[in-house]
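Subject: A structure for you to explore

Hello,

Here is the structure I promised to pass on to you. Please open it next to this email and follow along as you read.

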Amino acid sequence: IAVYSSADAGARHVLAADQAVCIGPPAVAESYLRGEALLDAVVARGATAIHPGYGFLSENAAFASRCEAVGVTFVGPPASAIVSMGSKSEAKKIMGAAGVPITPGYHGKDQDP
């Protein structure tokens with residue numbers, strides 16, 4: 001199932017899909033960023049997973065959590081990982097614990113200058 005804005009009706013992914021659903025007008029805020037519209041399209045057609053693409057909702061922890069809440073598999077990292085990636089200090093802590101070299105310096109909680 002492909003989703004698209006009205007501006008993308010002729011896009012390759014739409015034409016190649018078995019099913020395609022228009023989720024709104026060309027403005028991204030009124031189409032691709034409307035997580036509930038995407039989930040409505042997925043659930044209404046019986047799909048069990050959603051790939052959020054690149055950008056848009058792919059880095060949105062709330063959207064990943066909402067997918068899980070309605071029983072749809074979010075094809076991407078779990079919401080907890082998205083939250084951790086969004087915090088520089090948390091990401092450094094995780095990388096350090098995994099043995100990934102990190103730039104020396106202060107890595108404490110107080111990051112204010």
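Glu36 counts as partly exposed because its relative accessibility is 40%; buried means under 20% relative accessible area, exposed over 50%, and partly exposed in between, with a 1.4 Å probe and protein chains only. Please keep in mind that this is a predicted model, in which local features need pLDDT of at least 70 and side-chain atom pairs count only at pLDDT 80 or more, while totals for chains, interfaces and linings use all residues. Residues are numbered from 1 along each chain as its sequence is written, and side-chain values use heavy atoms, leaving out hydrogens and water.

What does the side chain of Glu36 meet in a salt bridge? The partner is Arg66, at 2.8 Å from N to O; a salt bridge is a side-chain nitrogen of Lys or Arg within 4 Å of a carboxyl oxygen of Asp or Glu. This pair links distant parts of the chain, with Arg66 in helix H3 and Glu36 in helix H2, 30 residues apart. Helices (H or I, at least four residues) and strands (E, at least two) are DSSP runs, numbered from the N terminus. Arg66, at 35% relative accessibility, is also partly exposed.

A search of the whole structure finds two salt bridges. In the other, Lys93 pairs with Glu90, and their closest N and O atoms are 3.6 Å apart. Both residues belong to helix H5 (residues 88-97) and sit three residues apart, about one turn of the helix. In general, an α-helix has 3.6 residues a turn, so residues three or four places apart point the same way. Lys93 is exposed at 56% relative accessibility, whereas Glu90 is partly exposed at 27%.

Now back to H2, which spans residues 35-44. Its buried residues are Gly35, Ala37, Leu38, Leu39, Ala41 and Val42. They pack against strands E1 (2-5), E2 (20-24) and E3 (49-50), and against helix H3 (61-69). Where H2 meets H3, Gly35, Glu36, Leu38 and Leu39 touch Phe63, Arg66 and Cys67; contact means heavy atoms within 4.5 Å.

One last stop is Ala20, in strand E2. At 36% relative accessibility, Ala20 is partly exposed. Leaving aside residues up to four places away in sequence, Ala20 touches Ala2, Tyr4 and Val14. The C-alpha atoms of Ala20 and Ala41 are separated by 9.3 Å, and the two residues are 21 apart along the chain.

Enjoy looking around!

Best wishes
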